[in-house]
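Subject: Structure handover

Hi,

Here is the structure I promised to pass on. My notes on what turned up follow below it.

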Amino acid sequence: MYYLSENEVIEKVKGSRIGLSCREANDRLIKNGKNQLEEVKKQSFLACFFKQFLNIMVAILLLSAVISITIAILNKEYADLFEGFVILFIVVMNAFIGVFEERKAEACLKDLQKYNRINVKVLREGNIEVVDSTELVVGDIIFVEAGNVMTADVRLLETNNFACDESSLTGESVPSDKNSDVVLKEVTPLADRKNMAYSGSLVTNGKAKGIVVATGQDTEIGKIATLLFKTKKEITPLQKSINKIGHFITWTVVVVSLIILSISLIKGDGIMHSIMTAVALAVAAIPESLPAVITIILALGVQQLAKRKCIIKHLHAVETLGSCQIICSDKTGTLTQNKMTVVETYGKNLKNMQVDNDMLKCMINCNNAEKQKDKFVGEPTEKAILEFALSNLKYKKAKIVHEIPFNSSRKMMTVVVNEDGLTSYSKGAPEVLLKHCKFIKVNGQVKELTEMDKQEILSVCNNMSDKALRTLGFAKSENLDSSVEFEKNLVFLGLVGMMDKPRPEVKESIKSCFSAGLTPIMITGDHKRTAFAIAKELGICETKEQVLTGEELDKLSDSELKKVSKNIRVYARVTPEHKVRIVKLYKSLKKIVAMTGDGVNDAPSLKIADIGVGMGKSGTDVVKNVADMVVTDDNFASVVVAVEEGRKIYNNIQKALQFLISTNCVEVFGMLIALMFFPQYTFLLPAQMLFINLVTDSLPAFALGMEKVEPEVMKQPPRDSHSGLFGNNVGKAIIYQSILQTFIAIAVFLIGIYFYSPQVASTMVFFTIIYMQLLHSVNCKTNSSIFKKNLFDNKTFNICFLITLAINLVVTFVPFMYSVFNLEFLNFSQWIMVSVASILIIPTCELFKVILHDEGKNREK
């Protein structure tokens, strides 16, 4: 409607200048519905709950629990029911957490609806009535003023010094001045539509009259809501990796179980015995503590990040940060301070930031902002000049006797004060203000304003504009009387240039991004020139060719955009649809994308990003609900800190995974080899396997999740999101460590059989595995040599290591435990053999680490 004249708009919406009739308004309300966002159908709690079980890893654990409980009941080994119920507890808790996450989208809609629950002045049949905003219909004429929140999309018919804060929709850092008289082109971006006021924006100045052109879901904010709930959140790279591991474990368990079942049947063990043996081994093959270990590692990471001003809402988002390759960041408040500041000044023959006292008085008097205690209240530009003036001059604002307010057509403001006579102070756009000036102040003296002076002033103004500074000129006139025109023959005092300054710590964070292989992208609703100036200062881009506007974006096809995107670092003057398209673009290039935002307009792109980062201070409730992470200080530097923490957490999950799978393989393949070649002997008993799974494996695995960050973690490129948890040589490490441990266990088993007895052999294997796996947890602390690392820097690991050792020693030295686990007492030589075999895992793993390290170096060459 912004591209139509007032009469054309009224005709198009079938309205009237005296307002709709009450009957017509009611008919439209019945036909088109209330002015509110549509409710999303809620999924029942049970449907949400059972949906959580449609996950391969959860299904495996559930099956494992059922099998474990069934075996315990059939064998009347009721003590063994513990394992099954522990697994069931883990599965059910995960399901409840999943249900909680599913409910977050409903909170988003409720927050969006907050914008629309307000009373509005509306013209009906020539009379002004007050109605609930939900009863507004297209064609209604409404009246708004400073302090009101717009509740529908409105084409303005009359404006009086009218301005709206549309930052939540457009990303603009300053209020947008409105003018009902203009008719715009059809391609005009939303942020430049001066004759429109949109639902969700705040009226910051003046009054206006307008006609409603869109309500409810048809408003711009409604379109965002529609886009938000059509957008589906993809699972994180870690979740994808866990699903792959789940499939891998499933097929491994199935294949091994079938092999065991076949061998048992061939050897004539009987159907029931063969099935029970295969099932027991299948249960042993599943690392039951893996989901719990991952959840605890992520939860501990969340606590660490909370201390560093990052609140993680979705556990898996922690790890996603570690694999992030693109960080799309909003400009205002995230890269900048979200506060206009005077950064340059001009006065004839004065240095930069050296200001005449008369100009400072002009800044204070010709200003509607106020200082309340230690806080400045008012429009951003006026707050900036008031703060600057008061920091340079102790002066009390004079009593204003007359004011000519600022408006978008005049582009200047004048006040008249009584200071030993009438004095006028004026401020405004420099090119406009100069037309009202006849004099200029130079070195404290008032002189004639020459054409050369004007050219100098305009040149300085242009230079400031080239740096994306917002410029204001100041002037005064003294010894006035009431018959004089207050805005004539003014004395020009000087200029100021203001900007929303970059946060001082962000520049260093941008450097860290590049050194870590991350690409920072600025996405903003601001003008191209402003966006480029900030981006260049921060080091995000170098040339104007690296900036693309929303208008230019619309002209490119997806394939064309893919080509040019490689060089683009800044997207300016963009809409919510543009932001979604940009995020989708980078995701289509197989990149892991983080997106920061604070306004309602950012919500759809935050949801579609691999990780959405909301701002805690300036962010709307909608953004905070959609986001995976909320930064409490609105600082880009905090996002980079979170990336570092995410990389650490992923590395620690890999360490825990490496430990758990390699140790579980010892039981599985040890049992398989023993059954194939020595079927008459028992390798491990079910109770012994249960102890190893729930005690020896679990605590060290949890502790590995608390390892400190590796020193080079932010000097390495992001990991390939498709490499999975087995990447970075973890898969190779699991293979060789599994083989080594299995070889050691089988060697001990054979020595025990040939030199002692089957019962002694089984006992030696049990003690070798529990001590070997405890020592192997030290190997998993780092992929490099353990002798290059401080092995005692992780206090949690030290405590868990000692607790596990103490439990192992209780089993070793308390006679009662021997009957519980059906063990034989070992003599001195047998203990020496167990000790040597257990310690052997350290030097053998060190040797393989050297081999893999050298192999990696050769590949790089």
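I'll start with one residue and its partner. K467 counts as partly exposed because its relative accessibility is 43%. The bands are these: buried is under 20% relative accessible area, exposed is over 50%, and partly exposed is in between, with a 1.4 Å probe and protein chains only. K467 forms a salt bridge with E344, and the closest N and O atoms are 2.8 Å apart. A salt bridge here is a side-chain nitrogen of Lys or Arg within 4 Å of a carboxyl oxygen of Asp or Glu. K467 sits in the loop between α16 (451-466) and β18 (470-480), while E344 belongs to strand β10 (residues 336-346). The two are 123 residues apart, so the pair links distant parts of the chain. E344 is buried, at 18% relative accessible area.

Before the rest, some ground rules. This is a predicted model, in which local features need pLDDT of at least 70 and side-chain atom pairs count only at pLDDT 80 or more, while totals for chains, interfaces and linings use all residues. Residues are numbered from 1 along each chain as its sequence is written, and side-chain values use heavy atoms, with hydrogens and water left out.

**Overall**

The protein has 32 helices and 25 strands. These are DSSP runs numbered from the N terminus: helices are H or I with at least four residues, strands are E with at least two. Of the 861 residues, 54% count as buried. Take contacts between residues at least 6 apart in sequence: 72% of them join residues at least 24 apart. Contact means heavy atoms within 4.5 Å.

**Other salt bridges**

Side chains of opposite charge can pair when their charged atoms come close. The structure holds 29 salt bridges. One of them joins E158 and K209, with 3.9 Å between the closest N and O atoms. E158 is in strand β4 (residues 153-165) and K209 is in strand β7 (residues 202-214), 51 residues apart. E158 is partly exposed at 46% relative accessibility. K209 is buried at 16%.

D192 pairs with R573 in another salt bridge, the closest N and O atoms being 2.1 Å apart. D192 lies in the loop between β5 (176-177) and β6 (196-197), and R573 in the loop between β22 (570-572) and α21 (576-588), so this pair ties together parts that are 381 residues apart in sequence. R573 is buried, with 9% relative accessible area.

**Backbone**

Most residues other than glycine have a negative phi. R573 is not a glycine, yet has a positive phi of about 55 degrees. N161 is not a glycine either, and has a positive phi of about 50 degrees. N161 lies in strand β4.

**Helix packing**

Two packed helices are described by the angle between their axes and the distance between the axes. Axes are lines fitted to C-alpha atoms, for helices over the stretch in contact, and angles run from 0 to 180 degrees between N-to-C directions.

Helix α13 (residues 357-365) packs on helix α14 (residues 380-392) at about 135 degrees, with the axes 8 Å apart. That makes α13 oblique to α14. Angles under 35 degrees count as roughly parallel, over 145 as roughly antiparallel, 65 to 115 as roughly perpendicular, and the rest as oblique. The α13 and α14 crossing is left-handed. Left-handed means the near helix is turned anticlockwise from the far one by less than a right angle, and right-handed means clockwise. From α13, the contact uses L360, M363 and I364; α14 supplies I385, L386, F388, A389, L390 and N392. By class that contact has 8 nonpolar, 1 polar and no charged residues. Ala, Val, Leu, Ile, Met, Phe, Trp, Tyr, Cys and Pro count as nonpolar, Asp, Glu, Lys and Arg as charged, and the others, Gly among them, as polar.

Helix α28 (residues 758-779) packs on helix α31 (residues 828-839) at about 35 degrees, axes 8 Å apart. This crossing of α28 and α31 is right-handed. Residues of α28 in the contact include F767 and Y771, and those of α31 include W831 and V834. The classes here are 11 nonpolar, 3 polar and no charged residues.

**One glycine**

G752 is in helix α27 (residues 730-755). G752 is buried, at 0% relative accessible area. Leaving out residues up to four places away in sequence, G752 touches S757, A761 and M764.

Best wishes
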